[in-house]
Amino acid sequence: MGAPPEPVTVDGRNPLITPDTLRDIVVEYLQSAGMREVAADMRRHVELTRAYTDDATTIRQPAREDRNGSQPSSVGPSAGALEWCLCSYAATRLVVRQLLSDGASKFTSQFKSMDLSAPDETFIRYALDSNDKHMWSVQDDVDALYVTGVWRDGHGMPMFGTLHQIIEALTHVSVLPLSTPSEEKVLAQEEFTHAFLRQHRYFTSSHTVLAKLMERFMVPLSVKLGFENFEAHGIRVHAPGTSLSSFLSVSRITRNHSGEEKDVKGVVNGFSPSASLWLCVCRGIQMRVMSVLTLWLREYPQHFDDVMHHSIHLFLDDCSSMPQPWGDCPSQLHAMMEFARDSISAAAQKKRTGTLATRQHRLIDEPPTLASSSPGRSVAAEENSFTRRQAYPTCIFSLRVLADVGSSTEFRTESWVDKLQEVVRLCLALSVEQYAAGLMSLHLHMFTSLQVEEVLKVLHRSSAAYLSSSSFHLTPVGAFLASSTDLSAWTVSVLLHAAALDGHQMKDAEGKSSVAENFLTLYKHLVELVVALLRLNDLHGAVAVHRGLHHPILQRVLTQPQIVALIPASTSQNVTRLHEILGICTEKDVAKGKSLENYMRGILDVDAHPLIPPLQHYLGKMTRLKDEMPSFLTLRTDELYPSTDPSKKTQEIVLVHWRKYIILDRMLSQLKVWHSGARPTALDRAFENQFVEQKRKVIWNHWQLAEMANELLSAL
């Protein structure tokens, strides 16, 4: 910072600082903090003020000349710098302005950092609608008038609302001297907090959220509060009568006439009831904002860039310098500030060492101010364990073989019967128990190697071009999904190989051989495999084999009367029961309650056999939810209160459709629970090599599959 100008004398005395020097100091401070645009605006504002005061008739102090005859600068109040220095939370207000500037480019860069395509102009306009509004403003009261009464669920959490209302729910404060919030509401608030921190980047900018949290921290003195059944601005108060006095009674240190300190109990700090209520609410909101910020920094450090870190440092410095007129809050608030500073330092260290991406959120985590429930297992040990799991090599099973056996002419060569027999022999070489154990081990290994957060990226990049690209199939999520597709294709291929072999043998024997002997044996074998996979809680593999058994070409064969009559009764019962559990959720018999989700909720042995969920099922539900439910809703102000002035332009209130994002997050949280409970087991390399040998003989071409089915159908 450059040296300030030499001070001038007034009445023979040197003032501590002149307005010009004060302005220069403030401008240099803003420039050093990276707020060059704000500093430039401040210079322009001061110049305009000078020009106005030169032209207008204003009250000025008498000009005095020094010994050299020159006029000193005015020592009166400066319209720019002096107001900035005397304003409470001045640095925070400038930080908020810096965070909210250039919101479109920041939001687009955020999507780019998440490997997502840039949002369109309408989406950006809705996402940045709150950047031009201020928390605690009259506009918030007006918006609440239109939205209130229809935007909360049974636990008081929002289903939709403006971003300000979402932030208010995030930092909700209750003053209930006569009661305490129920456990259900506390758990709902915790779920809402984590869901918002995970999902907000898909409908707004992290810079905007940080700025709104800072605005929320600055509770104005003008906020109106009530003592009975009051609820507004994310504040709930019910303190009838004198119940608030005992609730706010704290110890206070006073001094007697002799100067000795005296501890006075039961005094409400000498404030009026209204002032005491305001202090209580202000303390609660500021503590809540600081705890959310600390949790955000610790659990999701990848959301923050250098600008946000620098802004938080300025915000914390500004808050530390503000006087706190009440008793026990300063120590708690400053302790939370130190937690936030430590989190920034830890995130910066991880960013330098390249270990930032290894941090994952666990649903069993306590708030950042509490100790972990498992003291023997530190965060560093958990991250090292996760790093080791990530370092496991991708198993051979995840490498999809895209090439078919050959063209239709090659399929009709003399050696094709030998190929059919080889496929059937390889499939029957292993028992059902060996298949179930080997597939479960492979699927468990692949499930533990992926990051559940990547499912959201796949959800928001669900274009056909991306899902069919090699870059997607090389990711852990892509490999896990491809393993389900491969298993379904293997099921269809081996059964139709057996059908073609039976058709050829029946034609050569001229009706003397058994009907579809190999096909029925393999069909029973695979139905038992689905049952065995369900017993091991490998629903990923069970759904894949079940879908293969219901392939349209296979259904043509299985619905033939000669085939239906030969299927054993036990196999038919298993097929009926499996369809009730694994069937399509839109069918009537499954909609009665016997769906896949109900079955998974009733599993009790997840400790012995970790549950491997059908990721393709959840990803399909998430995709339909994302496509069918909008991210934003608009509410016209004239729908409830028509304007009496026809020429007045109708305003729209932009609402975040939070119900959509909380449903998505609940699905993701359930996947996290299963992922945290899964531990990889030793791979059976012998089974893996044998199964890879079978995969090399899988036929993907639908025309060839239909030809093999026709071999048996024509023989029947």
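This is a predicted model: local features need pLDDT of at least 70, side-chain atom pairs count only at pLDDT 80 or more; totals for chains, interfaces and linings use all residues.
Residues are numbered from 1 along each chain as its sequence is written, and side-chain values use heavy atoms, leaving out hydrogens and water.

**Stop 1: α9 and α12.** Select residues 183-199 for helix α9 and 273-299 for helix α12. Helices are DSSP runs of H or I with at least four residues, strands are runs of E with at least two, and both are numbered from the N terminus. Here the angle is about 50° and the axes are 11 Å apart, which makes α9 oblique to α12. Axes are lines fitted to C-alpha atoms, for helices over the stretch in contact, and angles run from 0 to 180 degrees between N-to-C directions. Angles under 35 degrees count as roughly parallel, over 145 as roughly antiparallel, 65 to 115 as roughly perpendicular and the rest as oblique. Now show the side chains of Q189, T193, H194 and L197 in α9, with R288, L295 and W296 in α12, which make the contact (heavy atoms within 4.5 Å).

**Stop 2: α23 and α27.** Next, pick residues 517-535 (α23) and 569-582 (α27), whose axes lie 10 Å apart at an angle of about 45°. This pair is therefore oblique too, and α23 passes α27 in a left-handed crossing. Look for Y523, K524, V527, V530, V531 and L534 of α23 meeting T571, N574, V575, L578 and L582 of α27.

**Stop 3: α30 and α31.** Move on to residues 615-628 (α30) and 658-677 (α31). Their axes come within 10 Å and cross at roughly 170°, so α30 is roughly antiparallel to α31. Among the contact residues are L615, Y618 and M622 of α30, and I663, L664 and W674 of α31.

Stop 4: How many cavities of 30 Å³ or more does the structure hold? There are five. On a 1 Å grid over the protein atoms alone, a cavity is a set of points where a 1.4 Å probe fits but cannot get out, and lining residues have an atom within 4 Å of a point. The largest cavity holds about 130 Å³ of space, a volume being the space filled by probe spheres set on the points, which are joined across faces, edges and corners. Select D129, S130, T162, L163 and V654, the closest to its centre of the 15 lining residues. Elements giving two or more residues to this lining are α6 (121-127), α7 (138-147), α8 (163-170) and β7 (652-656).

Notes
A crossing is left-handed if the near helix is turned anticlockwise from the far one by less than a right angle, and right-handed if clockwise. On a 1 Å grid over the protein atoms alone, a cavity is a set of points where a 1.4 Å probe fits but cannot get out, and a pocket is an open set with protein on both sides within 12 Å along at least five of seven lines; lining residues have an atom within 4 Å of a point.
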